[in-house]
Amino acid sequence: MAQRIDVKDLNIYYGDFKAVADVGMAIEPRSVTAFIGPSGCGKSTFLRTLNRMHEVIPGAHVEGTVAVDGVDLYGADVDPVAVRRQVGMVFQRPNPFPTMSIEENVLAGVRLNNKRISKSDAADLVEVSLRSANLWTEVKDRLNRPGSGLSGGQQQRLCIARAIAVKPQVLLMDEPCSALDPISTLAIEDLISELKSAYTIVIVTHNMQQAARVSDRTAFFNLAGVGQPGRLVEIDDTGTIFSSPREQATEDYISGRFG
Amino acid sequence: MTSTQSPPDAAPVGPPPLAPPARRRGRPGRVRVRDRGMSRAFRWLATGAGALILVVLAAVAVFLVVKAWPAITEPTDQLVAEVPWLHGASSLLSFVGPLIFGTVLAAALALLIATPIALGIALFISHYAPRRLAAGLGYVVDLLAAIPSVVYGLWGGLVLAPFVQPVWSWLGETLGWIPFFSGDVSPTARVLLTVGLVLAVMILPIITAVSREVFLQTPRLHEEAALALGATRWEMIRTAVLPFARSGIISAAMLGLGRALGETMAVLMILSPGFLYSFKLLVAGQQQTIAANIAAQFAEASPMSVSALIATGLALFVITLFVNMTARWIVSRRKDFSGAN
Ligand SMILES: Nc1ncnc2c1ncn2[C@@H]1O[C@H](COP(=O)(O)OP(=O)(O)OP(=O)(O)O)[C@@H](O)[C@H]1O
Ligand SMILES: [Mg+2]
């Protein structure tokens, strides 16, 4: 189910402001790619162009191509809604729907995509999704309680369950652990390692150890200065990036000399 | 004297309110931090304002009860003899009954017409219209609230009634088998459906304004969660916006209902009154509302008549209170799921 992503000459704008310039990279299927870089360099912005969530912000637009399995997401006849059904997303802050129960949260995406699903199928899907998100044992007795009643880490795993319930090709995660304690973080990292056998995963993180632990490839973004667009400095195997990066800027950032 | 704007029940604007800080204060086991200076002054001010509202409410209730008492306790035969406009009713209760019925029917009608339209406008303004158009449209809707109800009455009687009369005739002919549309359609259209229509226009602004505010407060995070799952705009509204706004919508509708229940002039000027328990919306001389009846009778009323009128006012007060409390109850029922936590 996983698919490769090819990004070419991508410029990303908020109105007139060019936030990210000239990004080109290939993201392999069934792998975890981590984005690192200082705050404001455009990691989230770039991530959100991979499922066309960028354009829900008024005035935001892009130039260039993002091809998923050879099909340009920004082609004239591509429906952004269809793209988002293929490319799931987990946000920095857990955002289960507060008015829905845990079960309804997991099914939310499925209910949108194919309106009808039998009761037993739904129950199975809820269990499978929650199991893959490592949440099943904790919530199986209270599936009818509101999703917002869970702890932050549980909520985040609920959001992951919700995202994978629709069986996307690609899963994007924007700092999924930044609001979580170390134990929940580990749970989610384990989860990412398991999920990569089925999905193409892209994760933004500020935590170097996390990038080193979970990812196969790492992309370093940097910012030349305030008001300048962010750029991709380099992307390579995670081992290489953390041991012998090609660029000086990468080494400086990783060794904590700035940022 | 109506109670439409009974202040403490002005339903909360915006998403599920957090518990007011005043209630937390002084909870047992909580360390009491001493307020100082401005903070203390503000606390007294807030407490005072809250208390004042209660006092006003109580004063109104007491006034109504005291003034209505003579009519309520007067022996029925004497009351009927003294109050000329009881319209053959055998007692005060059998007179107030149809009035309550008419009042609730007219207000319900207005709510039924106004709510869907108001929600549509509010959603359009908050989630569909380009920003410029949205601002303009919001402003126009707010302007509707600035029109005095006398003007609505004039407009309803002189312009709207003749205009809708052919439509009502058509309704009566084709859908006459539905009880609401049965009977001889009034040639002047001074009937309850016309009143409902005018009341709907009058309560449209408040429902629109409140629900628009609530829609705008939907957390961006939840909207994006829906969009990222592949929701279309309408699906996003259904999954993220409407559930979040649910209690706000109810509050908005209840505010509108409150206004419709107490509206006087427009009803008085449009409706050809009657004192029956009648669902016929297109026939003249069927229903009357409490507020319009008070306005119509008050000028030439004897002391006992006034007392009887105030008794009907008391009924209106109770209805409005009941409506607001029901709204509160509905809002609080699913608190767990409200998103306030
Ligand atoms: N909604 C927006 N409107 C306008 N500019 C924005 C918006 N969101 C982000 N930007 C700008 O785009 C640039 C990149 O922001 P982005 O959020 O992508 O950074 P980031 O790398 O994710 O940072 P962080 O690590 O702090 O999350 C910044 O200059 C930011 O100010
Ligand atoms: Mg970010």
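Modeller: A residue is buried when its relative accessible area is under 20%, exposed when it is over 50%, and partly exposed in between. The model discussed here is predicted.

Colleague: Why is B:Asp142 called partly exposed?

Modeller: The relative accessible area of B:Asp142 is 35%. Because that value falls between 20% and 50%, B:Asp142 is partly exposed.

Colleague: What makes the contact of B:Asp142 with B:Arg212 a salt bridge?

Modeller: The criterion is a side-chain nitrogen of Lys or Arg within 4 Å of a carboxyl oxygen of Asp or Glu. The N to O distance here is 3.9 Å, so the pair qualifies. The two residues belong to distant parts of the chain, with B:Asp142 in helix H5 and B:Arg212 in helix H7 of chain B, 70 residues apart.

Colleague: Is B:Arg212 buried or exposed?

Modeller: B:Arg212 has a relative accessible area of 13%. As this is under 20%, the residue is buried. Salt bridges with shared partners also form one network of A:Arg48, B:Arg220, B:Glu223 and B:Glu224. Over all chains, the structure has 17 salt bridges.

Colleague: How do you know that A:Glu127 and A:Arg131 are separated by about one helical turn?

Modeller: Both residues lie in helix H4 of chain A and are four residues apart, which means a separation of about one helical turn. A:Glu127, at 27%, and A:Arg131, at 45%, are both partly exposed, because each value is between 20% and 50%.

Colleague: Why can the pair A:Arg213 and A:Glu189 be said to tie together parts of chain A?

Modeller: A:Arg213 is in helix H8 and A:Glu189 in helix H7, so the pair ties together parts that are 24 residues apart in sequence. Their salt bridge has an N to O distance of 2.6 Å. A:Arg213 is partly exposed at 47% relative accessibility, whereas A:Glu189 is buried at 4%.

Colleague: What makes the approach of B:Glu235 to A:Arg85 a polar contact?

Modeller: The distance between the side chains is 3.2 Å, and the cut-off for a pair of N or O atoms is 3.5 Å. B:Glu235 lies in helix H9 of chain B. At 5% relative accessibility, under the 20% limit, B:Glu235 is therefore buried.

Colleague: Which residues come nearest to ligand 1?

Modeller: They are A:Ser39, A:Lys43, A:Ser44, A:Thr45 and A:His206, out of 13 residues around the ligand. Helix H1 of chain A gives the most to this shell, with three residues. By type, the shell holds five nonpolar, six polar and two charged residues.

Colleague: Which polar atoms of the protein lie within the cut-off of ligand 1?

Modeller: An N or O atom in the side chain of A:Tyr14 is 3.3 Å from a nitrogen atom of ligand 1. A polar backbone atom of A:Gly40 is 2.9 Å from an oxygen atom of the ligand, and a polar side-chain atom of A:Glu175 is 3.3 Å from an oxygen atom. On its own, ligand 1 has 630 Å² of accessible area, of which the protein covers 63%.

Colleague: What is the secondary structure of chain B?

Modeller: Chain B has 12 helices and zero strands. Buried residues are 46% of its 341 residues.

Terms used:
Residues numbered from 1 in each chain as written. Chains lettered and ligands numbered in written order. Predicted model: local features only at pLDDT ≥ 70, side-chain atom pairs only at ≥ 80, totals over all residues. Heavy atoms only, no water. Near = heavy atom within 4 Å. Polar contact = N/O pair within 3.5 Å; in protein donor to acceptor, adjacent residues only side chain to side chain. Areas by Shrake-Rupley, 256 points an atom, 1.4 Å probe, with all protein chains shown as cover. Nonpolar A, V, L, I, M, F, W, Y, C, P; charged D, E, K, R; others polar. Buried < 20%, exposed > 50% of the residue type's maximum accessible area, 1.4 Å probe, protein only.
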